[in-house]
Amino acid sequence: MTSSPTPVTLATEQARTRLHELTVIDVRTPAEYASGHLPGALNIPLDRVRRALPEIRHAAEHGDILVVCASGARSANACKLLSERGIPTATLAGGTGAWAADGHDLHRPAACDTRAGWSMERQVRFTAGTVVLLGLALGLLVHPAFQLLAVGIAGGLVYSAVTGTCGMAVVLGKLPHNRPRAADLDTALTVLRKR
């Protein structure tokens with residue numbers, strides 16, 4: 001029985017010095033990716049990584065893979081998935097947020113939609129806050145049972161913090177503005193095949 005390769009964590013400076021030799025895969029939503037990503041990063045959202053396994057495996061045979069996201073949580077999940085399939089990977093400590101905080105440039109393609117994309121964390125906070133306020137208002141104005149909406153969101157946030165997962169982010173990730181266009185994903189997969 002072969003063991004799975006253990007994912008490595010690179011500090012931002014380590015990643016910066018090796019960026020020219022790494023295949024960088026950004027597993028955030030397309031809106032987050034468009035708001036700024038590591039130079040040369042390919043966007044393959046976390047829920048599309050399984051579909052891209054053959055291309056990622058091919059790229060890993062020709063060089064090291066660095067998986068990034070906003071803070072490191074989604075990229076750690078992607079690295080675990082890839083590791084379980086025998087694909088060696090590294091993740092960026094602190095994600096794109098740490099990269100930018102350390103003063104490194106983010107690439108924002110001119111061809112991307114000029115609207116500022118909201119990070120998934122910001123989308124979750126907005127949605128959770130809206131549902132809580134709606135539940136409280138409807139509970140006061142219509143029927144007290146609507147306050148259960150606020151209770152449900154609070155419970156979901158506690159569960160999310162304890163488990164490191166977020167069901168609301170999964171649901172929000174399926175909205176059209178967070179979905180990659182087929183052409184964008186196909187382009188990323190083509191680039192990986194050519195590595």
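What covers the buried residues of α4? The cover includes α3 (53-61), β4 (65-68) and β5 (90-92). This is a predicted model: local features need pLDDT of at least 70, side-chain atom pairs count only at pLDDT 80 or more, and totals for chains, interfaces and linings use all residues. Residues are numbered from 1 along each chain as its sequence is written, and side-chain values use heavy atoms, with hydrogens and water left out.

**Helix α4**
- α4 spans residues 73-84, 12 residues in total. Helices (H or I, at least four residues) and strands (E, at least two) are DSSP runs, numbered from the N terminus.
- First to last C-alpha, α4 reaches 17 Å, close to the 16 Å expected at 1.5 Å a residue. The expected span is 1.5 Å times one less than the number of residues.
- Its buried residues are S75, A78, C79, L81, L82 and S83. Buried means under 20% relative accessible area, exposed over 50%, partly exposed in between (1.4 Å probe, protein chains only).
- Just after α4, G86 has a positive phi of about 80 degrees.

**Helix α7**
- α7 (residues 147-163) has 17 residues and reaches 25 Å, close to the expected 24 Å.
- A150, I153 and S160 are the buried residues of α7. They lie on the same side of α7 because they cover an arc of only 85 degrees around the axis, taken from the directions from the helix axis to the C-beta atoms.
- These buried residues pack against α6 (120-141) and α8 (167-172), where contact means heavy atoms within 4.5 Å.
- The face turned away from the buried side of α7 carries exposed L148, V151, V158, Y159 and V162.
- G164 follows α7 with a positive phi, near 75 degrees.
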